[in-house]
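Thanks for asking me to look over this one with you. Here are my notes, written as a few numbered points you can follow with the structure open beside you.

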2 protein chains.
Amino acid sequence: MGKKNKQFVEKITAMEEDFAQWYTDVVKQAELVDYGSVRGTMIIKPYGHAIWENIRNELDRKIKETGHSNVSFPLFIPESLLQKEKDHVEGFAPEVAWVTHGGDEELAERLAVRPTSEVLFCEYYSKNIHSYRDLPMLYNQWANVVRWEKTTRPFLRSLEFYWQEGHTAHATDEDAAEETRKMLDVYTDVVENYLAIPVLRGRKTEKEKFAGAKYTLTIESLMHDGKALQSGTSHHLGTSFAENFDITYLDENGKSQYVHQTSWGVTTRLIGALIMVHGDNRGLVIPPRIAPIQAMIVPIAQHKEGVLDKAYALRDRLTEIVRVDIDDSDKMPGWKFNEYEMKGIPVRIEMGPKDIEKEQVVLVRRDTLEKEFVSLSELETRLPKLLEEIQQNLYDKALAHQKEMTSVATNMEEFKETLENKGGFIKAMWCGDIACEEKIKEETTATSRCIPFEQEKVADTCVCCGKEAKELVYWAKAY
Amino acid sequence: MGKKNKQFVEKITAMEEDFAQWYTDVVKQAELVDYGSVRGTMIIKPYGHAIWENIRNELDRKIKETGHSNVSFPLFIPESLLQKEKDHVEGFAPEVAWVTHGGDEELAERLAVRPTSEVLFCEYYSKNIHSYRDLPMLYNQWANVVRWEKTTRPFLRSLEFYWQEGHTAHATDEDAAEETRKMLDVYTDVVENYLAIPVLRGRKTEKEKFAGAKYTLTIESLMHDGKALQSGTSHHLGTSFAENFDITYLDENGKSQYVHQTSWGVTTRLIGALIMVHGDNRGLVIPPRIAPIQAMIVPIAQHKEGVLDKAYALRDRLTEIVRVDIDDSDKMPGWKFNEYEMKGIPVRIEMGPKDIEKEQVVLVRRDTLEKEFVSLSELETRLPKLLEEIQQNLYDKALAHQKEMTSVATNMEEFKETLENKGGFIKAMWCGDIACEEKIKEETTATSRCIPFEQEKVADTCVCCGKEAKELVYWAKAY
């Protein structure tokens, strides 16, 4: 009976009607997560976890290829350690979960459950870096972190989430700057080429940068509802942590110098981006390169002699070239179609008695729902090609949407009108004054997303105060 | 200057002199871990982490092959939830780290940092299992857990450690029993065939079983100093959690039934086992199948023309077949030999001008330190074979040691004498009374390690009380 209920994929809310509810419905119906018993925590279910593992494996490979080593640092941070860098602790303290007791014993000092691990790495570096020969030190860890958020949503903002955090130390400011940019490039590569999500690249304003950083680089992506999502950040920490933690090295002339540090991270948020960029009213759409199952075989009239045998043989054949599965359950094919569309599996392969007779299969791509008949003999050639076409199409569609949803505003009236009627990114000039940035946020709820690497001059004056403009900024309402 | 210090691998304490100090020296000198700032926590450094990743990847593959799916459950457990299973909470409460504050807010209910996650999975199962068609539910997670231990040692007993924990639900007691045994077999496979550590297999006594379980199966291994280490456990949880958490399903006749559960885990402790089983007075010895680097090329007289070129060419050739690296730093070859012996790299490949002339290399195996000359043309054949020989030899040596260190005792005098003079496993008959088990522990500090699957009758009477014996038990002092 439980199974019978499962055959029925409940109708989800249309995204045009209520985007937030659509998101929640998809997350639940596609079996990505469930809610944990502590408010704001999530249980990542098998399908959601398989997607995360694919993202993680790809990124982990690139992190290693760029010379970084994985490590595991502790979960707990003594309160006094967290307080060593002033800006940093001010940024994070309001969100910290505190451990005060171990067993029956009250602790002499409270322990923070890590919201991020800069201070732990700094303490380690201060003990383990002595000479210029020890540099660069290039570490990364995959870990869970906790931030005591007030309002939460699965993947987007949760009390506990999963991420990788890179922490590096370098001899010079230039080396750290190069590293900061290199890791932003790695993130761009994974997000654009594997998640098929185009990104805007640039620098955060002083107001939006990481607490304690010299500057923060960011990749920003645009969701279907016209809101932005920060998808990865890379911080040049300068020497401020090094000064507070006394992380020095002897240079080639025997002179003591502070190290220059970076940190960078992406999180399970990326799964939220995936849902909100590619999903539609039938559910998820997963880009083939990170799809746990790239093709699902659905036998038609499977009770008829020979159909299942042929379908199994097909699966065995295709296992060599794609991640393939078969649904041989006794559900009706229509139910199966719904279920795998909800789960966003890139290609459905239908095979029934008629197809067997004609030595063909039907391929149905998830992104456009287009059907094509392919002869069995050509499948090994056609299927991988189709998967690449889907991958490319998802990226192209998302890029077209991002471009369409990017507008220019030269004064506040235009800014507000565009934001209200259309949403998306607004390109507007800024004088560089934090007062204008705060005023824009207050009046429109839009925040500065980034100062793009590719600067243009769309006006001479600041969109807010009308004084001389310093640089172009992308603004948007954001998750 | 830092580098100069690093060239020197400090002498480690001899294991015959002070085994505990030897262990600490190796862990530190081989750069496996560093101590965290919170007492009893550890930082797993790149080399230690690479070993853990190799163990983890192998085990993860086998866990998936046996039909399990990875998930991620939250870190925090509400106190009321932890208390639902009486035996379980009694077993774990004394070791729990408690979160009492989130940001500035005092929490209405304390949250346990998970010491293990049975209750979280139970709560999930109670909501998500409805029918016999939902069973079995086969979940696994890789996670960090925290136990507030009084005395700690890296890998062996730490405040925070890393593990996988499997949690499954089944329709029948038999299915759960089969799963419990199957996962013990998976652990046995990984520990014996990859870590090259022979294990004893059996059941824990009532006293030593997992808090809340029907019974616990265990694999036990013997360290070089004659102490035992529990290396993996698999628990049949019966229906006691199901009863407390109301986890029921409708069977094929529409009747409500409790599910039968299992849980099973192995931890970063395995690295401790690795060190203490294979290590020697030169440091670590890593079995080839899980060694991050299987062969290290050390060029001899590398300043001479052509040596480094040939060494790089050799590395490029070997990359295809083994995990190989080269040390082209300006340290003396002798220092390099010491360093890679300390790190337990299975094979050292020496190549100097004379070798190049003779078109050969020197292979030095870490386990026996034996040298052999191999012609370059035969290297692709010889090197993988040598690695397998080393793998086998490590296992054989450990098995011989385990056998040699296993004794029979038929009375307490014999028991104490053997334990004192020789250590190791003591095979002795037991009446089944917990009073005898406690008395043995009190008088000797040895604990029951397991009731082996392969029973023998080494005497008629209990080694402790002299009454009729029920079964054979392996006893040992243990970590």
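How many residue pairs are in polar contact between chain A and chain B?

1. Please keep in mind that this is a predicted model. The answer to the opening question is 25 residue pairs, with both residues of each pair at pLDDT 80 or more.

2. Next, have a look at which part of chain A does the touching. Strand β5 (residues 97-102) of chain A gives six residues, the largest share of the side of chain A that touches chain B. Sorted by class, that side has 29 nonpolar, 16 polar and 16 charged residues.

3. Stay with that strand for a moment. β5(A) is joined by five bridges to strand β5 (residues 97-102) of chain B, and the two run antiparallel.

4. Between chain A and chain B the count is two salt bridges. In a salt bridge, the side chain of E53(A) meets that of K64(B), at 2.6 Å from N to O.

5. Now for the interface as a whole. On chain A, 61 residues are in contact with 59 residues of chain B. The size of an interface is often given as the accessible area lost when the parts come together. Here chain A and chain B bury about 4,700 Å² between them, and 57% of it lies on carbon and sulfur atoms.

Conventions
Residues numbered from 1 in each chain as written. Chains lettered and ligands numbered in written order. Predicted model: local features only at pLDDT ≥ 70, side-chain atom pairs only at ≥ 80, totals over all residues. Heavy atoms only, no water. Contact = heavy atoms within 4.5 Å. Buried area = accessible area lost by both parts, 1.4 Å probe. Salt bridge = Lys/Arg side-chain N within 4 Å of Asp/Glu carboxyl O. Polar contact = N/O pair within 3.5 Å; in protein donor to acceptor, adjacent residues only side chain to side chain. Helix = DSSP H or I, 4+ residues; strand = E, 2+ residues; numbered from the N terminus. Nonpolar A, V, L, I, M, F, W, Y, C, P; charged D, E, K, R; others polar. Pairing = 2+ DSSP bridges.
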